[in-house]
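Here is a friendly walk through one protein model, meant to be read with the structure open beside you. Have a look at the sequence and the fold, then read on.

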Amino acid sequence: MSLFSATAPAHNWRRFYFVALLLTLLFRGWLGAALPFTGDEAYFYWWGRIPAGGFYDHPPMVGWWLAGLIAVSEAEWWLRLPAILQPALLSFMLLAFLRDDPHATRWGVATLVLLAPASVLDVLITTDIPLVYFSVASALVFLSAVRGRTYGLFALSGLLLGGAFLSKYFAVLLGFAYIGWALWRPAVWKWKALALLVLCALPAGLYNAWWNSQHCWANVMFNVFNRHGNAHLSWETPLLYGAMMVWLLTPMVVWGLLRAPGAWLRQAALPWLVIVPLSIFGLLSLVKTIGLHWVFSFVPLVFLLYGRSVSDVTLQRTIRFAAVIAAVHVAAVLAVASQPVERWASLLGERKYAGVVQTVKADEVIAALGDDVNRYELMTDGYSPSVTVGYNHRRYWPVFGPASSHARHDDMLTDFRRLDGRDVLVLSKEAPELTDYTPYFRDVQVDLLTVRGAKFWRIRGHGFDFTAYHAGVLEPARRYWYAIPGWLPQQGCFFEERYFR
């Protein structure tokens with residue numbers, strides 16, 4: 001009998017699972033240690049380095065987790081540990097949930113979770129990591145509660161949903177799925193269960209609303225108003241969403257679910273937890289590009305749905321196919337990692353290549369600044385460059401100028417009033433327009449800095465003029481990003497209190 005076949009006894013399916021577990025953990029551990037911190041990760045690092053009750057653009061959970069991790073170590077692999085271990089821990093959760101299912105389904109679904117493309121490649125510590133943990137746990141507890149009509153488990157599912165909400169607002173899509181389940185063929189016990197679930201999730205929502213009311217409604221302004229300026233009807237973004245889902249789930253899983261919907265629609269509550277969120281994303285894709293990481297919370301649930309819907313033979317073939325795809329991804333990563341940084345100069349273009357050097361060789365960029373790191377207030381002209389260089393420097397770099405609607409947590413951290421009269425150095429990946437700087441300094445000097453063939457411009461401004469900056473940058477920022485609707489009750493706003501009172 002082969003090591004892994006559909007008719008093999010449980011220990012053979014289990015053996016293949018543990019082989020996949022070991023190999024994926026080894027690869028993800030290496031990747032988590034070798035990959036330089038990305039801009040998003042560096043941004044969230046500063047949430048942990050300067051912890052608070054909330055942060056500008058998302059709920060606070062990942063910042064709270066990172067604060068605890070940073071207290072132990074700031075090594076990349078350590079800060080990424082919740083991400084590195086996530087596929088393994090999700091597979092353990094599914095094994096526990098499927099303990100009464102046939103061994104092929106139980107071990108097959110757990111193996112699919114390990115071999116999925118995102119499970120192989122994603123080791124980044126972002127807001128999505130706690131969101132996935134809490135969402136999948138809430139969903140599995142909810143399914144157990146439905147199976148036994150156990151109100152205590154509905155309460156636990158609600159508490160976990162609250163944790164997901166404090167991680168990222170996409171948790172509400174899971175909440176919509178719970179509501180859809182309750183509305184379909186309603187029954188008194190369903191309404192009681194839903195009410196208990198919502199009651200237990202509510203404190204997290206109330207806390208987040210309270211914090212927002214004290215802080216310019218920052219999360220709401222970003223997620224509801226400020227980030228959607230480029231939204232428009234498009235035929236390309238739905239196709240991109242579909243292609244992304246095929247890649248995330250593998251073609252065999254997508255084809256199997258589309259070919260025989262009757263096999264999985266008969267399952268109790270589980271289809272609601274997949275169809276509702278992914279359909280909402282599908283509708284959003286008509287006007288907006290759906291981020292790859294947005295759907296991570298629902299991918300394990302799709303595998304669960306698939307594993308319970310197909311034959312053991314089909315599941316076996318799917319796992320073998322997924323293993324091949326995983327091996328191809330690993331080979332691609334190793335091939336990229338073996339190339340020198342300079343190889344990407346001609347492929348990416350000048351500005352993107354500078355971004356790669358700034359991320360991968362940030363220590364060399366900082367070293368190239370020489371004595372300027374001590375003589376000037378150090379800044380960049382964008383949020384990602386500031387947090388990335390700042391993480392590697394272990395010194396926070398503020399953002400000079402208007403920047404964008406994204407990642408404006410710097411508005412909370414930097415008080416430009418205290419910089420009045422100071423000398424500032426702004427590092428930029430683009431040749432600067434002097435008119436963006438000369439109104440705000442007594443004099444401005446610009447020179448070019450080259451690191452590994454990447455170009456950076458060093459803008460030295462002497463004698464910062466806060467009054468001019470207030471009129472030219474802060475007042476427009478107030479109009480663009482802090483135009484809070486009157487129907488939102490305000491208890492406080494850091495931006496208003498600091499600069500306009």
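Let's begin with S91, which sits in helix 6 (residues 86–97); helices here are DSSP runs of H or I with at least four residues, strands are E runs of at least two, and both are numbered from the N terminus. S91 has a relative accessibility of 0%, so it counts as buried (buried means under 20% relative accessible area, exposed over 50%, and partly exposed in between, with a 1.4 Å probe and protein chains only). Apart from neighbours within four places in sequence, S91 is in contact with Y17, A110, V113 and L114, where contact means heavy atoms within 4.5 Å. The C-alpha atoms of S91 and W107 are 8.9 Å apart, and the two residues are separated by 16 residues in sequence.

Before going further, a word on the model. It is predicted: local features need pLDDT of at least 70, side-chain atom pairs count only at pLDDT 80 or more, and totals for chains, interfaces and linings use all residues. Residues are numbered from 1 along each chain as its sequence is written, and side-chain values use heavy atoms, leaving out hydrogens and water.

With a relative accessibility of 34%, L89 counts as partly exposed. Its C-alpha atom is 9.9 Å from that of V113, a residue 24 places away in sequence.

Helix 6 packs with helix 9 (residues 128–148) at an angle of about 5°, their axes 11 Å apart. That makes helix 6 roughly parallel to helix 9 (angles under 35 degrees count as roughly parallel, over 145 as roughly antiparallel, 65 to 115 as roughly perpendicular and the rest as oblique). Axes are lines fitted to C-alpha atoms, for helices over the stretch in contact, and angles run from 0 to 180 degrees between N-to-C directions. On the helix 6 side, the contact is made by Q86, L89, L90, M93, L94 and F97. Helix 9 brings I129, V132, Y133, V136, A137, L140, L143, S144 and R147. By class, this contact has twelve nonpolar, two polar and one charged residues (Ala, Val, Leu, Ile, Met, Phe, Trp, Tyr, Cys and Pro count as nonpolar, Asp, Glu, Lys and Arg as charged, and the others, Gly among them, as polar).

## Helix 2 against helix 3

How do helix 2 and helix 3 cross? The axes of helix 2 (residues 39–49) and helix 3 (residues 61–70) come within 7 Å and cross at roughly 70°, and the two helices are therefore roughly perpendicular to each other. Helix 2 contributes F44, Y45, W47, G48 and R49 to the contact, and helix 3 contributes V62, G63, L66, A67 and I70. These residues divide into seven nonpolar, two polar and one charged.

W47 turns up again in the surroundings of H409. H409 lies in the loop between helix 24 (383–393) and helix 25 (410–413), and with 4% relative accessibility it counts as buried. Leaving aside neighbours within four places in sequence, H409 is in contact with Y43, W47, G54, F55 and Y56.

## Thr24 in helix 1

T24 lies in helix 1 (residues 10–34) and is buried, with a relative accessible area of 11%. Not counting residues up to four places away in sequence, T24 touches L114 and L115.

## The whole protein

Stepping back, the protein has 27 helices and four strands. Buried residues make up 54% of its 501 residues.
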